[in-house]
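These are my notebook entries on a structure that I examined on screen.

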Amino acid sequence: MDNTLIEARGLSRHYDVSSGLFGKTATVKALSNASFSLQAGRTLAVVGESGCGKSTLARVVTMIEQPSSGELTLDGHHIRSDEPLTAAQQADLRASVQIVFQDPFGSLNPRQTIGRILEEPVLINRPQVSRAEREQQAREMLAMVGLRPEHYDRYPHMFSGGQRQRIAVARALMLDPRILVLDEPVSALDLSIQSQILNLLVELQERLNLAYLFISHDLSVVRHMADDVMVMYLGRVVEKGAASEVFDTPRHPYTRALLSATPVADPTREQTRIRLEGELPSPLNPPAGCAFNPRCWKAEERCRQSAPELDTQEAHPVACYFPL
Amino acid sequence: MTVSDNSQAVPNSTAEAQSGAMARPGRFREFWSYFSENTGAVVGLVIFLAFILIAAFADVLAPHSPTEQFRQALLQPPVWQEGGTSEFLLGTDAIGRDLLSRLIHGARYSFFIGIIVVVIAAGSGVFIGLVAGFARGWVDTLIMRLMDILLAFPSLLLALVMVAILGPSLINAMIAIAIVLQPHYVRLTRAAVLQELPKDYVTSARVVGASRLRLMFVTVLPNCLAPIIVQAALSFSTAILDAAALGFLGLGAQPPTPEWGTMLADSREFVLRAWWVVTFPGLAILINVLAINLMGDGLRDALDPKLKRS
């Protein structure tokens with residue numbers, strides 16, 4: 001049985017940026033040539049530092065933005081860059097892909113009660129559902145994410161960060177989606193609450209057989225959550241594979257550096273931290289060849305000449321000429 | 001592990017258990033509990049309500065007709081001053097009309113002006129501001145430059161020019177004042193919209209498929225209301241003041257309409273001889289405007305959920 005929910009082929013998103021009134025317009029390749037697939041009940045984690053295109057990927061998958069090129073298949077619907085979706089297709093897809101944002105303080109409308117926030121997706125997408133039924137669904141969802149029924153009438157400012165994130169998850173689930181995009185869902189929360197929310201997400205995934213596209217820069221969270229990992233650098237996928245393989249035997253120098261930067265709760269363990277030189281280059285003006293070459297300790301002339309491609313046929317592909 | 005997430009919920013739940021039988025206080029009760037904390041605002045509200053009652057029951061309250069001339073009592077002083085009679089409590093004006101009755105009927109005009117001007121200015125201003133904020137691009141630029149041009153004129157001068165074009169009457173004065181006040185709403189609304197639009201709750205409303213109109217009026221507009229309400233309250237008083245000023249210049253309400261500004265204008269030559277003919281209409285304007293401003297401040301504090309305690 002093929003239960004692939006997301007299938008992306010060469011997905012790209014470019015932005016045209018004009019610099020001032022008379023400046024030339026430049027193109028920012030926020031996301032280029034990303035290919036991946038995601039099955040029901042599985043979690044694909046996307047990791048990378050700020051500005052590597054993680055959130056752009058989230059925005060493309062949730063159709064907040066159109067891809068510039070490439071193919072995206074979401075739950076059986078094909079999205080192409082050249083033809084915008086019809087309203088009916090969009091409505092169908094909305095029900096199957098939803099998103100949870102990073103900041104629970106900005107993602108809930110401060111003027112709406114929790115009940116209205118939860119009911120809004122149903123009100124818009126399923127106007128035939130009666131008011132009483134809608135309220136019933138919202139109350140059930142509250143219970144499902146671990147909140148009490150009396151929270152229904154309250155406003156978002158009355159809740160703590162963790163509770164708000166529960167509400168955000170509840171809202172995302174109101175339309176019974178099959179894919180949930182989690183855009184750094186716990187990085188704005190306290191450490192103790194992070195684990196609660198993560199446990200909630202794991203529990204919901206098991207119950208509802210959801211597919212998660214989990215975006216994060218926190219590798220310890222990813223290790224806990226992910227089945228597969230995709231490492232991104234400057235808009236490109238540099239390494240992809242099963243979580244255990246990527247964590248245990250990283251093949252790309254960048255992945256290795258990222259992993260070595262994660263703190264380990266073991267003072268006796270020897271520090272083998274790899275320090276990267278320099279900054280993330282500007283996506284407006286990426287370096288020639290492999291985007292990582294100015295910071296890579298293994299870089300040779302070849303890396304400065306041409307960019308290595310990711311061989312998608314492999315089980316654990318890596319975009320590097322000199323994999324570790 | 002459950003400590004910090006539940007730390008807020010635990011005292012809540014005990015409080016909830018105690019008041020569980022009681023119904024949740026209604027919206028209005030909640031609003032009132034916040035509003036009543038501000039003494040100035042309550043005083044403002046009481047005065048404002050008093051003025052509304054006076055305006056509503058002017059026919060009953062006023063001892064005389066506002067236009068009836070008592071030829072035997074010209075420029076008669078108020079009752080407590082020598083020469084005053086209890087028939088004319090606040091005295092009479094130069095052609096023998098009862099000042100108190102004229103002031104009471106004048107309240108009607110003031111509220112009429114305030115309400116109509118604010119409704120026109122706020123309604124159109126908020127709508128244009130929403131359109132500018134959502135459309136961006138050349139539509140936004142065009143609207144905002146037009147508003148800049150309107151704002152570049154001294155407001156009273158612009159109102160004067162418009163009344164001069166439309167012809168002097170109370171209705172035309174109100175239209176002119178509304179047009180002069182409306183750019184403030186456009187700017188306020190657009191600024192608030194631009195501040196709210198990039199927030200995640202707007203994006204999530206988009207993701208669930210809210211239409212553009214729904215985004216404008218249901219999602220974004222309620223979050224922009226606090227400054228608009230304050231502006232509405234303040235421009236209510238500005239409208240009354242401007243209408244009085246236009247009336248004073250002879251371009252607003254025309255005599256014998258007992259509009260407060262017009263009354264001031266009619267009696268300015270008697271300032272030195274009969275202080276009451278200018279003082280009382282001026283005081284009426286002052287108290288009314290002050291009360292509305294105080295109330296506007298309190299309204300903002302009570303309506304903004306960010307200022308509420310949980």
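Entry 1, the sheet. I looked up the strands of chain A in this predicted model and found an open sheet of four, ordered β2-β1-β4-β5, with antiparallel pairing. In general, the strands of a sheet pair through backbone hydrogen bonds. I noted β2 (25–39) and β5 (77–80) of chain A as the edge strands, since each pairs on one side only. From one strand to the next, the twist averages 20°.

Entry 2, one pair of strands. I then followed β1 (residues 4–18) and β4 (residues 69–74) of chain A, which are antiparallel and joined by five bridges. Which residue of β4(A) is the bridge partner of A:Ile6? I found A:Leu74.

I looked up α4 (residues 39–56) and α6(B), whose axes come within 8 Å and cross at roughly 110°. Angles of 65 to 115 degrees count as roughly perpendicular, so α4(B) is roughly perpendicular to α6(B). On α4(B), I listed B:Phe51, B:Ile52, B:Ile54 and B:Ala55 as making the contact; on α6(B), B:Ile104, B:Ala107, B:Arg108 and B:Phe111. Seven of these residues are nonpolar, one is charged and none is polar.

The largest nonpolar core has 160 residues, and A:Ala45, A:Leu213 and B:Ile177 touch the most other members. I noted that helix α6 (residues 99–135) of chain B gives the most to this core, with 15 residues.

Definitions and conventions:
Residues numbered from 1 in each chain as written. Chains lettered and ligands numbered in written order. Predicted model: local features only at pLDDT ≥ 70, side-chain atom pairs only at ≥ 80, totals over all residues. Core = buried A, V, L, I, M, F, W, Y, C linked by C-beta atoms within 7 Å. Buried ≥ 20, exposed ≤ 12 C-beta atoms within 10 Å, placed from the backbone. Axes fitted to C-alpha atoms, helices over the stretch in contact; angles between N-to-C directions. Parallel < 35°, antiparallel > 145°, perpendicular 65-115°, else oblique. Contact = placed C-beta atoms within 7 Å. Nonpolar A, V, L, I, M, F, W, Y, C, P; charged D, E, K, R; others polar. Pairing = 2+ DSSP bridges.
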